[in-house]
Amino acid sequence: MYAHGYAGTGEALNVTPPISADFGNYMLSQGYAWAASSYSANYYDVRAGIEDTNALAQQFGVLTQNRYTAPKATYIMGVSMGGNVAAAAVEAETLATAKHKVRYDAAMPLCGVLDPPYEFQWLGDYTLNAQQLAGYGAASSPASGFQALLPDITAGLFSSVTDTTWTPNAVQGARLRDVALNLTGGPRPVFDAVGFESATWQKAVLGTGGSDGTINGILAKPIYGNPDVTYRWTQGAAPTAAETAYNQSILRVTADPAANPPQSGGLRWLPVIEGTFKVPVLTMHTLGDLYVPFGHEMHYFKADQQNGNTVLLVQRAIRAAGHCEFAGPEVVTAFNDWMAWASGGPRPAGDDVMTPSTIADVKYGCKFTLATRPGVDACTP
Amino acid sequence: MNLSHRRFASLLLSGLLLTACTMTSRPTTQPPQTRLQDSRVFTAATPTFPALPGASVYQGGYDGEHGKAGYVIEVPDK
């Protein structure tokens with residue numbers, strides 16, 4: 001089963017092939033059938049993503065006119081929001097509360113939202129800090145004028161803005177970059193040199209500024225809050241005087257603790273991911289991702305660790321700047337390793353996503369990166 | 001403990017029990033919330049995936065969480 005990523009806020013629902021037509025062909029060549037749903041809703045509707053993907057899995061026989069024997073095993077993979085779907089699909093709460101219950105044999109969330117509240121925390125924090133550092137700090141939330149102010153915010157932070165690259169200016173822009181670095185997993189290759197400067201992903205992230213915290217109506221109440229967040233652009237043990245003053249000046253917002261309650265008769269509106277899965281899970285994430293940052297991998301590992309579950313988790317870092325910017329061979333290798341593991345083979349190798357000195361190494365991510373991207377240092381001299 | 005103290009303690013205990021009973025009899029779930037997503041309308045496009053050589057494709061619409069959804073299933077012939 002393939003779960004597609006965020007498809008926007010339009011009315012039309014479309015099915016997309018798994019990652020690419022080539023990858024779909026590859027799966028078929030290996031003897032795997034694939035199925036994908038458009039979901040019955042757009043927006044960030046992970047509940048619909050899970051229920052509709054599960055319903056499709058359950059109807060495999062009927063929808064294929066009962067021409068085949070039942071699948072020997074059912075796996076789920078997805079990208080971005082579809083990674084959220086794939087990861088949440090194997091969680092204990094999902095298995096207990098979904099209307100359509102499917103026990104997948106393994107999951108592979110790629111560039112996935114693996115800690116959904118963290119994703120909306122990140123987007124809220126980044127846009128709030130951009131506004132503040134540019135000199136247009138919000139006085140109240142939601143910052144409804146954010147999008148109208150965006151050209152001025154951008155001008156206050158970036159010395160050069162082209163179709164491909166946004167170069168931060170020396171002071172406030174550099175501070176925003178380093179705040180972002182610290183909020184998304186700390187010092188690591190690719191992020192500050194290339195990922196942060198990506199015009200595509202800056203536009204995508206800043207395009208969420210001024211939101212009301214309800215994830216565009218997926219929730220009824222705001223999930224974003226920052227009362228206890230300390231924003232840092234340095235790496236020292238304690239905040240500098242400038243950072244302390246900055247933190248005292250930035251707007252503080254409180255989330256509604258009942259923003260995502262359990263729902264009677266089904267999944268939560270934003271299904272939880274708590275590391276309670278019992279099947280092999282392989283994840284992959286680009287280091288420079290500004291939209292769904294690498295920090296998700298750290299949050300996921302911590303959640304799994306709390307459940308004593310890390311033996312069932314393999315995580316891989318890829319040296320690329322863009323969100324879901326995987327090379328074909330990287331996906332194929334991950335898929336092959338994941339399938340071999342799920343079929344009873346040994347647990348495949350992965351990356352340590354938690355040790356700061358390991359992640360900060362200039363060669364971090366080389367183990368599974370199979371293509372050198374523009375602007376990213378090659379793994380071999 | 002004299003009688004007045006006992007009576008006071010008894011009244012206090014009754015009050016605590018009454019409070020406890022009142023508290024436990026309250027519903028523990030929040031009142032239902034309404035959200036924008038449930039009022040939105042979507043339209044499933046009809047998928048038109050070509051079958052690859054050596055595979056069969058099945059596609060169309062089915063009932064999903066919010067209404068109709070589109071699907072594609074592709075199965076290798078071998």
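In this predicted model, the centres of domain 1 of chain A and domain 2 of chain A, taken over C-alpha atoms, are separated by 28 Å. According to the domain assignment of chain A, domain 1 comprises 2–115 + 265–360, while domain 2 covers 117–249.

**Where the domains meet**

- Contact between the two domains involves 28 residues of domain 1 of chain A and 25 residues of domain 2 of chain A.
- On the side of domain 1 of chain A that touches domain 2 of chain A, the elements that give two or more residues are helix 12 (295–306) and helix 14 (356–360) of chain A.
- Helix 12 of chain A supplies the largest share of that side, namely four residues.

**Secondary structure and overall form**

- Chain A contains 14 helices and nine strands.
- Chain A is as compact as a globular protein of 381 residues, because its radius of gyration of 21 Å is close to the 21 Å that the globule rule gives for that length.
- Along the principal axes, the C-alpha atoms of chain A fill a box of roughly 65 × 55 × 40 Å.

**Burial and contacts**

- Of the 381 residues in chain A, 51% are buried.
- Considering contacts in chain A between residues at least 6 apart in sequence, 75% join residues at least 24 apart.

Technical notes
Residues are numbered from 1 along each chain as its sequence is written. Chains are lettered from A and ligands numbered from 1 in the order in which they are written. This is a predicted model: local features need pLDDT of at least 70, side-chain atom pairs count only at pLDDT 80 or more; totals for chains, interfaces and linings use all residues. The radius of gyration is taken over C-alpha atoms; the globule rule is 2.2 Å times the number of residues to the power 0.38. A residue is buried if 20 or more other C-beta atoms lie within 10 Å of its own, exposed if 12 or fewer, and partly exposed in between; C-beta atoms are placed from the backbone. Two residues are in contact if their C-beta atoms, placed from the backbone, lie within 7 Å. Domain bounds come from an automatic or database domain assignment.
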